Amino acid sequence: MRNAIAALALAVSIIPFATLAQDADDTDWDPPLAERTRESGLPLTANQTATGLDALDLSLRIDPAATTLTGIARYRLTALAPISRLEFDLDPRYAISAMRLNGGLVTSERWRNDKGLLSVDLPQPASKGAEIALEVRYSGHPHKAKKAPWDGGIQWSRTPSGQPWIATAVQGEGCDLIYPCIDNSQKRVAVIDAAIAVPAPLVAAGNGKFMGRSDEGGWTTWKWQTRNLNTYALALNIGPYQTVERTYASRFGNSYPISFWYLPGNRDKAVALVDQMTQFLDFFERAIGPYPAGAEKVGLVETPHLGMEHQTINAYGNGFKLAPEGYDWLMHHEFSHEWFANQLAETEPKHMWLQEGLGSYMQPLYLQQKLGEANYHAALWDMRKKIVAKVALVPDGRVSSAYYNDKDAGWGGDIYYKGAWIAHTLRALIGDKAFFATLRRVTYGRDDPRPGNFLPVYRTSDDFRSEAEKASGKDLTWFFEAYLSQGPLPKLTVTRTGQRLDLAWTTAGHTVFPMPLDVRVGSRVARLPMTGGRGSVTLGGDTSDYTIDPESKILRDNQAITEWQAQEKAEKDAKAKAAAAQ
């Protein structure tokens, strides 16, 4: 939303959402997650690295009355290197009833689920290139989300009319809350065929292309097929849905459906949002490139939680509320993740700003093109007030996905807001041509993306820097060192001597920061190269009429904001303390 993040994506501005849904079993005790299951994106084991995920045939039966999930996962695998054991991730709360390897039953002595690491011993080592078939049958009560989408799991809810309304969001915890998987962003399955059985007449809206439905014994099975699915993006969306659909003709010559699964009574609102989606598509395809899942669909589904970038079936729970600018900011943010998360994926959680920061920058960028400069800068200024800048945006070493919720560090918000401002400042530094070429190249891995000529890419922050340097022809080490590797923002010291202003940049890491700087003096604007991080300008006659960085291009330390944030926090803490004392 987080991806699940954001608010999401978790969303760009996190707005409390009062859902009409009623939780089905708030009082039921749900055991805590195992340590391994609780975290997504753990380093791959050697066996996981050597396992190629060719195809998954996943059958799920969701019983709202019993709050259970019963599943059969049938994998086709390829050994990418010699291996003697298969290792997957699966929440150990599920009971495994049977396991088969290449068609033969696997006895209990040859497999174990050790605190979420599901290991299967092969009868003999598999050589490189060997094909392996694995089947796992399992069932249980899936982990319940306490506060989806920020807290992952399944949400057993009811619609305003009292019918089952079920959704999942598992970005922080990962795919192993739903099915056996390798819970790492770089281990996508090439093809997933998902068959989701639910009590009739409920609908299960799924990822990818609709492949048909079947009815038997009061249950309906909804069949979906998707390719190269983001590991946390497989989603269960179950309810008494109705659908609005239209075909979108892309500027790249292909066409694909836009489908919105909505609750009864919301058709007019759903149609209006689909109208907006056509505008969003035009914006993204013009600014970045082709919609990545054009061979499948653009999907939206109404959910009892706020939202999540579930590939081709984006969760939507914003209650059809438009921002003052006249657009649905949440839907825009989550949809941005089709490019920045589902197409361009981080290699590990420490690089999450690539998904959330670039995704967040798309909202002011959209407003700039739709409504003009004032709206662009207003959206950025709103984000600027939320930047904490205490810790590095890309920390040294490995970062746990749980770091997202560390309120003291503030990293979980900075990946959105600071990330967006880094994009804004970089754009001003290298110019539009180089900036958008960077976004295109880092997103698709090529300069000429067209429908069908690209696959998902996995990126680090160094990859982003490298692409920006290629596009601009500049060495940008200093830029990314200051904004990604250091927490506090660069500071600008201004010293006035008579009619002369001397300006100097300093960074928390005492690194050189030669950020060019505009200074407006009267009616003229002086461009200071700030070589070595220093520059000066003569004011002239009216020595009081000057503005530093008049177009607010540069992300830098702002003591007024820091003091305002401290005051806001003190007032909030005082109110909380007073409320607790009552």
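What volume does the largest cavity have? The largest cavity has a volume of about 200 Å³. The close-up views below come from a predicted model, in which local features need pLDDT of at least 70, side-chain atom pairs count only at pLDDT 80 or more, and totals for chains, interfaces and linings use all residues. Residues are numbered from 1 along each chain as its sequence is written, and side-chain values use heavy atoms, with hydrogens and water left out.

**View 1. The largest cavity and its lining.** A cavity is a set of points, on a 1 Å grid over the protein atoms alone, where a 1.4 Å probe fits but cannot get out; lining residues have an atom within 4 Å of a point. A volume is the space filled by probe spheres set on the points, which are joined across faces, edges and corners. Of the 20 lining residues, S40, Q171, Y232, E346 and P349 lie nearest the centre. The lining has five nonpolar, eleven polar and four charged residues (Ala, Val, Leu, Ile, Met, Phe, Trp, Tyr, Cys and Pro count as nonpolar, Asp, Glu, Lys and Arg as charged, the others, Gly among them, as polar).

**View 2. The second largest cavity.** This cavity holds about 80 Å³ of space. Among its lining residues are T425, M515, R527 and K553. Helix α7 gives the largest share of the lining, three residues (helices are DSSP runs of H or I with at least four residues, strands are runs of E with at least two, numbered from the N terminus). By class, six lining residues are nonpolar, one is polar and four are charged.

**View 3. The second largest pocket.** A pocket is an open set of grid points with protein on both sides within 12 Å along at least five of seven lines. The volume of this one is about 470 Å³. It is lined by 25 residues, and R227, P292, A293, A295 and E296 are the closest to its centre. Strand β15 (residues 219-227) supplies the largest share, three residues.

**View 4. N102 in its loop.** N102 sits between β5 (95-101) and β6 (104-105). N102 is exposed, with a relative accessible area of 52% (exposed means over 50%, buried under 20%, partly exposed in between, with a 1.4 Å probe and protein chains only). Beyond its neighbours within four places in sequence, N102 is in contact with E131, I132 and A133 (contact means heavy atoms within 4.5 Å). N102 and L134 are 32 residues apart in sequence, yet 6.3 Å apart in space, C-alpha to C-alpha.
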